[in-house]
Amino acid sequence: MAPHQVCSVLEVLLVTILVVEGIAIAQKTQGGQNIGLNRIPPTQCDNWVRTSNGGHFASPNYPNMYPPNQECIYILEAAPRQRIELTFDEPYYIEPSFECRFDHLEVRDGPFGFSPLIDRYCGLKSPALIRSTGRFMWIKFTSDEELEGKGFQAKYSFIPDPDFTYLGGILNPIPDCQFELSGADGIVRSSQVEQEEKTKPGQAVDCIWTIKATPNAKIYLRFLDYQMEHSNECKRNFVAVYDGSSSIENLKAKFCSTVANDVMLQTGTGVVRMWADEGSRLSRFRMLFTSFVDRMTPSFVTESEA
């Protein structure tokens, strides 16, 4: 082939490549945003209504077809001494598959993705009534890239936990018990409950300490004293630490065994919650909080100074 013919072929190939690339760029770009050929604009899983007695939520776009490639997680939280009942409305349709391997609802008995599995659900028939054994339920809806359906709408309500009922199911009132601390450092202590008479003898303890760090700082928590009566019975007795707010999504650590570790938070607001039923009132804790800035080692006061 002559040199001028080789050049002509190369020019044709170069023009072809540029045209193909131009078409691809035009398809990926709309209004200055890369939307891709196979990508679906993200759908917010925000169709969740919560009330003091329960709530309801649904798959994206319900009762219309839910979009592909979705993942929505719902963590339901009842008050202490309550459980959760979950029911589903009609119409209900999630792509059927063997063992619900494709589109499905996954329901777990607890607040985490590793809590005990209740079941996976899909198909044409809505699930029967689902009950938790504690005060949390973890739910995930997943859809793959094809064969969508109408989805679901679920309703949930809170019911008394029979483990804590007496006299025909009437519950003892839980007192309002909250404390606030702030500054560079300080002590969070359960003895404050008795000293300020937040609860009466024989009552359950459900108390919250909200900690505010100094401006632009985060919080480090160090246990100085910790004792759990009925250890490892976490429904009866625990100390929970939240990072930013008391929402279950912000749960950082939960201690109900014989050991409690130090906790470093990623925000300037920490929440410590202690729950002890009527038979666990000897449980106690004392922890030091310290405000710190990233890349700096927290400076602790000694236990004798506390």
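Which residue in S19 is the bridge partner of Phe238? The answer is in point 2, with the rest of what surrounds that strand.

1. The structure is a predicted model.

2. Strand S19 and its partners. S19 spans residues 269–276. On one side of the question above, strand S16 (residues 237–243) pairs with S19 in the antiparallel sense, over seven bridges. Within S19, Trp275 is the bridge partner of Phe238. S19 also pairs with strand S14 (residues 205–212); these two run antiparallel and are joined by eight bridges. Here Trp209 stands opposite Val272 of S19.

3. Burial of S19. The strand is mostly covered, with eight of its eight residues buried. Thr269, Val271, Arg273 and Trp275 point one way, while Gly270, Val272, Met274 and Ala276 point the other way, and all are buried.

4. Leu224. This residue is in strand S15 (residues 218–227). Leu224 has a relative accessible area of 15%, under the 20% limit, and so counts as buried. The C-alpha atoms of Leu224 and Arg286 are separated by 5.4 Å, although the two residues are 62 places apart along the chain.

5. Lys218. Strand S15 also holds Lys218. Is Lys218 buried or exposed? Its relative accessibility is 18%, which is again under 20%, so Lys218 counts as buried. Leaving aside residues up to four places away in sequence, Lys218 touches Ala213, Leu265, Gln266, Thr267, Gly268, Thr290, Ser291, Phe292 and Asp294.

6. The five-stranded sheet. An open sheet has the strand order S3-S4-S11-S6-S9, and its pairing is antiparallel. Its edge strands are S3 and strand S9 (130–131), each of which pairs on one side only. Inside that order, strand S6 (residues 82–88) and S11 run antiparallel and are joined by seven bridges. One of the residue pairs is Thr87 with Lys155, the latter being the bridge partner in S11.

7. The largest pocket. Its volume is about 310 Å³. There are 18 lining residues, and the closest to the centre are Gly134, Arg135, Phe136, Lys235 and Lys254. By class, the lining divides into eight nonpolar, four polar and six charged residues. Domain 1 (55–164) and domain 2 (177–292) each supply at least three residues to this lining.

8. The second largest pocket. About 190 Å³ of space lies here. Of the 15 residues that line this pocket, Arg50, Ile75, Leu76, Glu77 and Phe158 lie nearest its centre. Strand S3 (48–51), strand S5 (70–77) and strand S11 (153–160) are the elements that give two or more residues to the lining. The lining has eight nonpolar, three polar and four charged residues.

Notes:
Residues numbered from 1 in each chain as written. Predicted model: local features only at pLDDT ≥ 70, side-chain atom pairs only at ≥ 80, totals over all residues. Heavy atoms only, no water. Helix = DSSP H or I, 4+ residues; strand = E, 2+ residues; numbered from the N terminus. Buried < 20%, exposed > 50% of the residue type's maximum accessible area, 1.4 Å probe, protein only. Pairing = 2+ DSSP bridges. Contact = heavy atoms within 4.5 Å. 1 Å grid on protein atoms, 1.4 Å probe; cavity = no way out; pocket = protein on both sides within 12 Å on 5 of 7 lines; lining within 4 Å. Points joined across faces, edges and corners; volume = space filled by probe spheres on them. Nonpolar A, V, L, I, M, F, W, Y, C, P; charged D, E, K, R; others polar. Domains from an automatic or database assignment.
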